[in-house]
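Colleague: Let's walk through this one together, starting with the charged side chains.

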Amino acid sequence: MQIEHRVFLVTGAASGLGAATARMIVAGGGRVALADVNEDSGAALAAEFGTAACFARTDVADEASARAAIDMALT
């Protein structure tokens, strides 16, 4: 999979498997749009990644919230 110079939307990104996936992507030269309901952890992870990441509080069970995360990833 080509990771370098790509953008990935990672749901559940504030902890566990989501955070591990985001770390792998950033380590591989990609960028991540972090989506999670946990604002504190998600924002902290985005700050750790610097310009390689952005964060949006996202509830994937809510269509408008999920669409907003996708829009963020596309910008």
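Colleague: What's the relative accessible area of Arg57?

Modeller: Arg57 comes out at 44%, which makes it partly exposed. For the cut-offs, buried is under 20% relative accessible area, exposed is over 50% and partly exposed is in between, with a 1.4 Å probe and protein chains only. Bear in mind that this is a predicted model: local features need pLDDT of at least 70, side-chain atom pairs count only at pLDDT 80 or more, and totals for chains, interfaces and linings use all residues. Residues are numbered from 1 along each chain as its sequence is written, and side-chain values use heavy atoms, with hydrogens and water left out.

Colleague: Which side chain does Arg57 meet in a salt bridge?

Modeller: That's Glu39, at 3.6 Å, N to O. A salt bridge here is a side-chain nitrogen of Lys or Arg within 4 Å of a carboxyl oxygen of Asp or Glu. The pair ties distant parts of the chain together, with Glu39 in helix α2 and Arg57 in strand β3, 18 residues apart. Helices (H or I, at least four residues) and strands (E, at least two) are DSSP runs numbered from the N terminus. Glu39 is also partly exposed, at 45%.

Colleague: And how many salt bridges does the structure hold?

Modeller: Three. Another one brings Glu48 and Arg23 together at 2.4 Å, N to O. That pair also links distant parts of the chain: Glu48 sits in α2 (residues 39–49) and Arg23 in α1 (residues 16–27), 25 residues apart. Both are partly exposed, Glu48 at 49% and Arg23 at 39%.

Colleague: What does Arg67 pair with?

Modeller: Glu63, at 2.6 Å, N to O. Arg67 and Glu63 are both exposed.

Colleague: While we're on α3, how far does it reach?

Modeller: α3 covers residues 63–74, 12 residues in all, and spans 17 Å from its first C-alpha to its last. That's close to the expected 16 Å, where the expected span is 1.5 Å times one less than the number of residues.

Colleague: Which α3 residues are buried?

Modeller: Ser65, Ala69, Met72 and Ala73. Looking down the axis of α3, the buried residues fall within an arc of 100°, so they line one face of the helix. The arc is taken from the directions from the helix axis to the C-beta atoms. On the other side, Glu63, Ala64, Arg67 and Leu74 are exposed.

Colleague: What do the buried ones pack against?

Modeller: Strands β1 (7–11), β2 (31–36) and β3 (53–57). Contact means heavy atoms within 4.5 Å.

Colleague: I'm curious about the serine. What does Ser65 touch?

Modeller: Skipping neighbours within four places in sequence, Ser65 contacts Arg57, Thr58 and Asp59. A polar atom of its side chain lies 2.8 Å from the backbone nitrogen of Asp59. I'm counting polar contacts as pairs of N or O atoms within 3.5 Å; within protein, one must be able to donate a hydrogen and the other to accept it, and residues adjacent in sequence count only if both atoms are side-chain atoms. Ser65 is at 14% relative accessible area, so it's buried.

Colleague: Back to α2, then. Which of its residues are buried?

Modeller: Gly42, Leu45, Ala46 and Phe49. Down the axis of α2 they also fall within an arc of 100°, so they line one face. They pack against α1, β2 and β3, while Asp40 and Ala47 are exposed on the other side.

Colleague: What caps its N-terminal end?

Modeller: Asn38 does, with a side-chain oxygen 3.3 Å from the backbone nitrogen of Asp40. Just after α2, Gly50 takes a positive phi of about 65°.

Colleague: Which non-glycine has a positive phi?

Modeller: His5 has one of about 65°. His5 lies in the segment before β1 and is exposed at 67%.

Colleague: Last topic, the core. Which residues have the most contacts inside the largest nonpolar one?

Modeller: Ile25, Val32, Leu34 and Phe49, in a core of 14 residues. The elements giving two or more residues to that core are β1, α1, β2 and α2. A nonpolar core is a set of buried Ala, Val, Leu, Ile, Met, Phe, Trp, Tyr and Cys residues joined through side-chain atoms within 4.5 Å. Not counting residues up to four places away in sequence, Ile25 touches Ile3, Phe8, Val10, Gly30, Arg31 and Val32.
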